[in-house]
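Please open the structure in a viewer and keep the sequence panel at hand.

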Amino acid sequence: MPSDSAIDLGYFISRIRNNWMIIFFSLSCSLILAYFMIRSIPPAYRVAASLKVDNKASTHVVESLIDNVNLIEEKSTIADEIVLLKSFDLVKQVCLDMELYKFYFQPFTFSDHELYHDRPFQFHIDLVENQIINIPIEISFLSSNTYTIHIESSKKPEIFNFTYDLQVESSLESLDYTDTLKVGDHFSTDFLSFTLLNPHGNVLSSNTSFSVLLQNPNFLAEEYQKKLSIETINKEASIIEIEIQSTVPAKDIDFINYLVSLYTKRQFDSRNRVADQIIEFIDRQLLGISDSLQNAELELKDLRINSDLTISSNNLYEEFNDVERLLSDEQIKYKYYEYLIDYITNADNFNDIIAPSVMGIQDPTLNNLINTLTQYTTEMTTIYFSAKEKNPRYAILLKNIENTRKAILENVNNIKISSRIRLNDLKQKSAQIKKGIDALPENERVMVNAQRKFDFNDNIYTYYLQRKSEAAIFKESNTTVDVVVDKARQIGQEAVTPNKKKMLLVFLVAGLFIPLGFIFGRDLIVKKIRSALDIKSLAPSLLILENIPRSPSKKKSSPIFTDDPTYQSFRSLKHKVMKKIQNGIICITSLREKDGKTFCATKLAMSLARDKQTVALLSLDSTNHKPVAGQENAVGELTFDTSAIPHVTLAFPSMNDANTIDYFFSKQNLEHLLKDLSHRFDYVLIDCSDVKRSADFQSIKQFSDLNIIVVRKDHSPADFSKLYLEEVEMCRSFIVYNCSNT
């Protein structure tokens with residue numbers, strides 16, 4: 001563990017050096033995986049088109065032709081048009097019309113290659129029949145006219161009906177079907193119905209395999225919605241760019257072009273539908289007026305031949321005609337109010353409502369309410385197409401539409417009451433004038449009545465014809481204002497994905513940092529001694545006797561080479577030990593098992609023996625005691641072996657069970673044993689259990705003259721408890737910092 005006060009570069013370098021094989025293996029695996037990923041991912045290219053959108057143009061045309069008439073101007077922004085272009089309903093219709101739910105594949109090296117323009121055959125399905133989806137239909141040609149189909153699925157197959165647009169519950173739990181057919185033959189089962197055709201006479205060689213996959217058009221439309229990217233070129237422009245990253249550019253070029261075409265047609269039809277609604281309403285009104293006008297015209301023609309009007313009767317007629325004109329205008333408005341009440345009450349969609357201005361009604365409040373209702377309806381339709389009913393704005397719009405609808409009904413009912421009052425007033429004036437007409441001579445009275453009836457019907461008929469012609473002009477002048485700036489095309493020859501350089505870099509970084517993260521992360525979690533600085537920070541009072549380095553020699557167990565750093569370090573350790581004690585008992589332990597205490601005890605004993613010192617190496621590690629095979633001794637006796645280590649006498653008790661362990665580690669017996677050995681040898685080195693299991697060390701440390709604790713780099717714990725640390729410091733222990741390969 002590096003010191004907090006400084007960055008230990010040696011620690012990082014040593015950790016990388018010690019684990020270079022793991023890092024190399026990780027980098028190799030990453031590069032191999034990157035290679036296969038690049039080869040298996042189909043290249044995707046950028047396909048884009050640009051479209052100019054400006055909904056205000058059609059309104060300008062109408063306003064220039066029709067004075068003071070507003071035929072439902074829908075205020076829509078570029079953002080609204082983008083949402084409409086990506087709407088689920090529109091995208092799904094494109095998928096259905098282009099039959100994009102059918103995928104043709106040909107086996108490739110690492111993956112299947114999708115076919116589009118180069119499809120060798122046509123796979124026609126019966127839309128009214130149930131079809132299997134999301135399972136490949138494998139087609140293998142035996143000859144140019146014969147083929148086999150194979151369908152296999154271990155899971156429950158999904159069945160879909162394209163006509164009813166619903167998924168059908170299947171009784172099959174799995175599927176394994178094979179059949180042989182001829183090109184042009186109709187095939188039909190409960191889960192598949194199709195005809196395979198070869199209309200272009202393509203030569204289909206034998207042993208050629210393909211596969212066809214049918215997909216749910218609803219899911220396909222959702223996938224295209226996710227792939228479609230539609231943005232404005234800049235904030236001030238009304239030109240939008242439609243883009244797809246496509247693995248089959250030719251298919252998505254056709255998709256975008258057809259999407260734009262269908263969107264433009266729908267916008268055009270929507271505007272025409274407003275004019276058609278107006279014309280249809282006027283035609284219904286004209287139907288009842290034309291007969292009355294024709295009869296009144298014939299009657300007036302006959303009377304004019306035989307009668308002339310005097311000046312007084314003519315003035316009376318003109319006054320009566322003015323009142324009747326006002327009466328006819330008010331009756332037209334009253335009929336519109338009745339139409340509006342019926343439409344608002346019963347209609348589900350308010351996009352096709354006829355504006356009051358079309359009927360000559362200039363009521364600001366009513367016009368504003370109608371425009372507000374239209375805007376709410378348009379926004380709700382947009383949200384429904386894009387996000388359906390999941391959007392919280394949808395519920396708010398429903399409530400706003402309902403409130404606006406109620407406000408319109410209340411407003412129209414009030415206007416209708418006022419209109420009825422005006423109608424009654426005009427009818428009273430008409431009745432008074434009619435009394436004056438009735439007082440005229442009969443021939444003049446008949447003539448005035450006939451003229452009044454003709455003018456009344458003629459005014460209404462002329463008014464409706466004028467409005468109808470205005471609507472017809474609007475319809476004829478309605479042209480699409482969405483102009484295709486650039487048709488869909490592939491942008492550039494380079495694939496957008498996969499980005500080989502970026503992918504290689506990502507895999508290289510991952511291959512490098514995953515093992516490094518594991519190595520150094522493990523060091524952070526499991527804290528170990530990494531350097532001498534760690535020992536000093538944990539136990540400042542302890543003295544490091546020697547740093548045993550890693551041996552470069554392949555024969556680490558035989559330090560006989562004078563240039564071996566391990567050999568030299570043990571020589572140095574021997575001199576430091578002899579300087580502290582001339583002879584005596586040395587206890588060698590460690591912080592944990594496998595720290596190298598036995599290795600250090602053995603090498604130190606050999607080094608002392610080479611200096612003409614008699615050395616006994618006593619094994620008192622009760623946790624790992626293995627007596628020499630074939631040498632069984634009684635309790636309380638030692639076994640001596642001089643052949644195992646040169647110049648060193650190896651002494652160990654036979655501790656086979658708990659009784660013998662308790663015997664040797666009792667204070668009296670242990671003291672007697674160590675005194676006996678210290679009289680017979682210059683140095684007694686005790687290989688003791690590690691400090692963590694401190695029962696043995698507690699018994700031995702009171703008789704030893706020197707306690708040496710072996711700490712092994714990258715192995716000994718750096719968070720050993722305070723109890724062990726106090727225990728070590730109280731017995732004047734010293735540290736051997738062991739960096740060897742033991």
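The stops below begin with the whole chain and then move to individual elements and residues.

**Before selecting**

This is a predicted model, in which local features need pLDDT of at least 70 and side-chain atom pairs count only at pLDDT 80 or more, while totals for chains, interfaces and linings use all residues. Residues are numbered from 1 along each chain as its sequence is written, and side-chain values use heavy atoms, with hydrogens and water left out.

**The whole chain**

Select the protein chain, which has 19 helices and 24 strands. Helices (H or I, at least four residues) and strands (E, at least two) are DSSP runs, numbered from the N terminus. Of the 742 residues, 45% count as buried; buried means under 20% relative accessible area, exposed over 50%, and partly exposed in between (1.4 Å probe, protein chains only). The accessible surface comes to about 39,200 Å², and 53% of this belongs to carbon and sulfur atoms. Such areas come from the Shrake-Rupley method with a 1.4 Å probe, and for residues only the protein chains shown count as cover. Among contacts with a separation of 6 or more, 79% are between residues 24 or more positions apart, a contact being heavy atoms within 4.5 Å.

**Helix H5 and what follows**

Select residues 88-97, helix H5, where Phe88, Leu90, Val91, Lys92, Val94 and Cys95 are buried.

**Strand E13 and its partners**

Next, select residues 208-214. This is strand E13, in which six of the seven residues are buried. Strand E2 (residues 102-106) runs antiparallel to E13 and is joined to it by four bridges; two strands pair if DSSP finds at least two bridges between them. Phe103 has Leu213 in E13 as its bridge partner. Strand E6 (residues 137-141) is also antiparallel to E13, with five bridges, and Ser140 stands opposite Ser209 in E13.

**An open sheet of three strands**

Which strands make up the open sheet of three, and in what order? The order is E5-E8-E9, with antiparallel pairing. Strands E5 (130-133) and E9 (166-168) are the edges, each pairing on one side only. From one strand to the next, the twist averages 45°; axes are lines fitted to C-alpha atoms, for helices over the stretch in contact, and angles run from 0 to 180 degrees between N-to-C directions. Four bridges link E5 to strand E8 (residues 158-161), and Gln131 has Phe160 in E8 as its bridge partner.

**Two loop residues**

Select Ser154, in the loop between strand E7 (146-153) and E8. Is Ser154 buried or exposed? Ser154 counts as exposed because its relative accessibility is 69%. Not counting residues up to four places away in sequence, Ser154 touches Glu173 and Ser174. Asp176 is 22 residues from Ser154 in sequence and 8.1 Å away in space, C-alpha to C-alpha.

Now move to Asp690, in the loop between strand E22 (683-688) and helix H18 (695-700). Asp690 is buried, because its relative accessible area is 2%. With residues up to four places away in sequence not counted, Asp690 touches Thr589, Ser590, Leu591, Arg592, Glu593 and Lys597.

**A residue on helix H12**

Finally, select Phe513 in helix H12 (residues 500-525). Phe513 counts as exposed because its relative accessible area is 52%.
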